[in-house]
4 protein chains.
Amino acid sequence: MTLNHLKQAVLEANLDLPRHGLVTFTWGNVSGIDKEQGLVVIKPSGVSYDKMRVSDLVVLDLQGNRVEGELRPSSDTPTHLALYRRFPELGGIVHTHSTHATAWAQARRAIPLLGTTQADYFHGAVPCSRLLTPAEVEADYEGHTGTVIIETLGDVPPLTLPGTLVANHGPFSWGKDAHEAVHNAVVLEEVARMAWITLSLDPQAQPLPDYMLEKHYQRKHGKHAYYGQPA
Amino acid sequence: MTLNHLKQAVLEANLDLPRHGLVTFTWGNVSGIDKEQGLVVIKPSGVSYDKMRVSDLVVLDLQGNRVEGELRPSSDTPTHLALYRRFPELGGIVHTHSTHATAWAQARRAIPLLGTTQADYFHGAVPCSRLLTPAEVEADYEGHTGTVIIETLGDVPPLTLPGTLVANHGPFSWGKDAHEAVHNAVVLEEVARMAWITLSLDPQAQPLPDYMLEKHYQRKHGKHAYYGQPA
Amino acid sequence: MTLNHLKQAVLEANLDLPRHGLVTFTWGNVSGIDKEQGLVVIKPSGVSYDKMRVSDLVVLDLQGNRVEGELRPSSDTPTHLALYRRFPELGGIVHTHSTHATAWAQARRAIPLLGTTQADYFHGAVPCSRLLTPAEVEADYEGHTGTVIIETLGDVPPLTLPGTLVANHGPFSWGKDAHEAVHNAVVLEEVARMAWITLSLDPQAQPLPDYMLEKHYQRKHGKHAYYGQPA
Amino acid sequence: MTLNHLKQAVLEANLDLPRHGLVTFTWGNVSGIDKEQGLVVIKPSGVSYDKMRVSDLVVLDLQGNRVEGELRPSSDTPTHLALYRRFPELGGIVHTHSTHATAWAQARRAIPLLGTTQADYFHGAVPCSRLLTPAEVEADYEGHTGTVIIETLGDVPPLTLPGTLVANHGPFSWGKDAHEAVHNAVVLEEVARMAWITLSLDPQAQPLPDYMLEKHYQRKHGKHAYYGQPA
């Protein structure tokens with residue numbers, strides 16, 4: 001994929017955010033990475049989706065130096081870069097303030113794995129980070145947001161748990177490319193909504209047993225996956 | 001109805017799922033049966049609704065042998081087939097992960113019969129199955145999903161209770177044809193939503209008395225039905 | 001207004017139900033009355049809104065004798081007629097199963113007057129009827145639904161409280177004509193939704209004081225009303 | 001900006017209310033002020049958004065004398081004027097009955113600052129006024145509504161807290177112009193919705209720490225703001 005194709009894909013993925021009802025105004029951003037060149041394409045800061053063009057996108061290297069584009073990149077750019085540097089398997093990253101996922105983040109609660117909908121995409125609960133410390137907020141706030149996401153994931157391969165809540169902030173999600181990252185952001189919002197309703201029906205609702213989690217996750221993502229059409 | 005007509009009807013019924021807001025991405029599937037030939041038409045696995053064509057549908061016999069179609073059928077196909085084999089009165093079956101019905105399934109709670117809206121279609125509460133055992137999940141998971149639905153219905157004629165929740169998974173519904181099955185899926189989602197709100201207004205809300213259930217169900221489905229226009 | 005104009009107005013009012021998101025499928029009906037001739041125009045039973053034409057509407061006298069129209073009138077017709085006979089000031093009546101109002105009806109709770117939104121239209125709480133008895137359901141069920149609404153209103157002038165919940169069923173509303181009746185059905189659904197959220201934020205939320213109720217109700221409906229434009 | 005430009009901007013801002021789902025029927029109004037001339041442009045009372053034209057808008061001086069326009073101004077006009085007189089920094093004001101913000105007002109609860117979404121716009125909780133007294137309601141009700149908003153804000157610079165709930169009524173918001181006032185009304189409704197869901201997930205949810213509030217608020221509105229594009 002050339003850089004031009006990547007830009008087009010990142011633009012499309014950004015425009016998918018309002019199409020899926022994930023954003024109010026400009027409250028969301030998508031990036032994608034060209035792994036060979038080590039270049040990240042990301043949404044400009046504070047530009048509305050209905051006016052965004054390919055030429056508005058910003059291209060940066062992994063240290064955050066601007067390579068292309070006139071506009072200021074998303075203020076969350078250091079978070080994206082920290083994640084790309086730590087997890088070379090990521091191809092795209094999304095941040096939104098989608099309603100229900102943000103509510104869970106504000107409650108500082110992980111979204112428990114309550115059903116097969118979540119198990120089809122997430123190999124477990126969607127974790128919630130700790131709060132950032134005053135020192136972490138003071139200097140390089142957005143970079144440290146990446147740090148706490150990385151700390152929250154620990155040894156979990158990020159493509160098996162393609163999203164995390166940042167406490168009192170909102171959800172970040174990712175995937176093998178920008179399109180899949182947005183797909184996972186949609187899933188995260190929907191499972192957040194379902195889990196909220198489930199817990200209001202039964203505050204003691206029990207998680208999906210492990211054997212069902214494995215079955216659902218593996219039938220879609222495992223070696224012998226049989227969901228969808230063969231590649 | 002010829003097989004071609006059935007395919008067209010099943011395609012339309014599948015496309016009705018996003019129209020009614022019942023599905024995210026490809027999270028739903030509809031099938032229909034040609035009872036004379038014993039052939040089932042079902043949605044292909046993982047194909048998006050906006051690209052689906054009649055030629056993408058898969059035709060199988062009741063044992064699951066593919067008769068027509070190039071694509072892999074829905075991964076839930078064995079559930080559909082188990083239900084058709086057990087209940088010859090069914091003409092169409094739907095599975096979705098619609099938000100509120102799935103939340104009830106995740107809470108492992110039957111949807112109580114709280115009003116006439118539900119009584120117009122369901123002759124009682126919408127039951128929720130037990131969890132599948134590890135052995136049932138291990139081998140023929142989707143077939144066993146049919147087994148627990150059948151076990152949950154017991155002796156109830158399925159057209160009088162056209163839907164069931166599968167624990168920690170989501171709703172299945174059915175009807176005399178694919179169109180009616182989708183209609184009942186819409187009803188199921190709406191009564192799930194109303195019942196959630198009702199119980200949050202009064203956790204002790206009492207079910208509709210039997211004499212009102214009978215009145216509403218029979219005025220629409222009974223021998224002396226007077227709802228709608230004469231056939 | 002001629003009968004033809006009334007029919008057109010009743011058709012429009014029925015079509016407004018799906019436009020305002022008040023109905024699923026055919027779960028709602030609107031009627032209007034020609035007071036001079038004593039004729040009621042009402043929606044046919046079980047006909048979908050997107051196919052409904054003026055010629056599908058049914059015209060009846062106040063005793064329920066069909067005067068015009070080929071189709072069967074709404075099964076709720078006897079409720080409408082009972083209300084028109086009792087309250088000559090009514091010009092239009094609506095019944096829906098709108099989500100939040102129906103949830104209150106299923107909880108058998110009156111919607112308390114919690115804010116000025118409701119006070120702008122309803123001079124008090126939206127009451128909820130008692131359950132119908134087995135005898136009332138057995139014979140002339142729909143007529144007795146009108147009876148319990150009348151009983152619930154008691155001496156309240158119905159245009160000052162233009163809606164009532166029927167226990168375990170759903171809302172009925174009315175107005176000086178069919179258009180206003182639908183307007184009030186929209187208000188009823190919205191105040192039902194707001195009141196649900198309010199009570200989940202504070203289960204002990206207190207009603208609007210009387211002096212604010214009077215102010216809001218009178219500034220819109222009183223002798224010295226100053227809301228809106230002069231007639 | 002000429003008065004004609006202001007009128008066009010106020011019309012657009014009013015039409016944005018239904019576009020953003022903030023209003024039912026005519027339940028909302030936007031005004032804007034020409035500070036040099038001391039003239040306020042406001043929506044007419046009870047006119048539906050789909051028929052509103054520039055010539056329907058009403059122009060008043062700060063004492064409420066009509067300068068232009070045939071129609072009666074919004075019944076909430078005295079509230080707008082009171083706020084403009086007290087806070088010369090305001091350029092636009094909005095009142096709506098948006099669902100979730102109104103529910104908080106009905107619960108007489110301030111919306112706590114639970115996350116960065118709110119901190120990006122509001123420098124603290126969204127306060128809720130006290131109830132008006134009978135005397136305040138009796139004479140100049142709408143003017144006194146302005147009084148209690150002013151009392152609730154106290155010494156807070158209103159552009160740093162661009163909205164307030166009026167007890168048992170609904171939200172008012174403002175900004176440097178009519179467009180920004182509507183923008184803040186959208187934010188207020190969304191944070192009201194998120195906060196409701198958050199508290200239902202954890203009734204003891206803790207507010208955002210001050211150091212995070214300052215960071216988010218200042219990165220967008222402070223002297224060294226780096227969110228969005230340079231002006």
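Helices (H or I, at least four residues) and strands (E, at least two) are DSSP runs, numbered from the N terminus. The views below show a predicted model, in which local features need pLDDT of at least 70, side-chain atom pairs count only at pLDDT 80 or more, and totals for chains, interfaces and linings use all residues. Residues are numbered from 1 along each chain as its sequence is written, chains are lettered from A in the order in which they are written, and side-chain values use heavy atoms, with hydrogens and water left out.

**View 1. Helix H1 of chain D, residues 3–19.** The 17 residues of this helix reach 24 Å from the first C-alpha to the last, close to the 24 Å expected at 1.5 Å a residue; the expected span is 1.5 Å times one less than the number of residues. Just after H1(D), D:Gly21 has a positive phi of about 70°.

**View 2. The buried residues of H1(D) and their cover.** Among the buried residues of the helix are D:Leu3, D:Leu6, D:Lys7, D:Val10 and D:Asp16 (buried: under 20% relative accessible area, 1.4 Å probe, protein chains only). Their cover includes strands S1 (28–34) and S5 (92–96) as well as helix H7 (178–201) of chain D.

**View 3. The interface of chain A and chain B.** Here 36 residues of chain A are in contact with 34 residues of chain B (contact: heavy atoms within 4.5 Å). About 3,100 Å² is buried between these chains, 58% of it given by carbon and sulfur atoms; buried area is the accessible area (1.4 Å probe) that two parts lose on being put together, summed over both. On the chain A side, A:Leu201, A:Tyr211 and A:Gln229 lose the most area to chain B, together 22% of what that side buries.

**View 4. A salt bridge between chain A and chain B.** The side chains of A:Arg219 and B:Glu142 meet at 2.6 Å, N to O (salt bridge: a side-chain nitrogen of Lys or Arg within 4 Å of a carboxyl oxygen of Asp or Glu).

**View 5. The interface of chain D and chain A.** Chain D brings 36 residues to the contact and chain A brings 34. A salt bridge joins the side chains of D:Arg219 and A:Glu142 (2.6 Å, N to O). H4 (116–119), H7 and H8 (210–221) of chain D each supply at least two residues of the side that touches chain A, and H7(D) gives the most, with 12 residues.

View 6. No contact joins chain B and chain D, whose closest C-alpha atoms lie 11 Å apart.

Technical notes
Buried means under 20% relative accessible area, exposed over 50%, partly exposed in between (1.4 Å probe, protein chains only).
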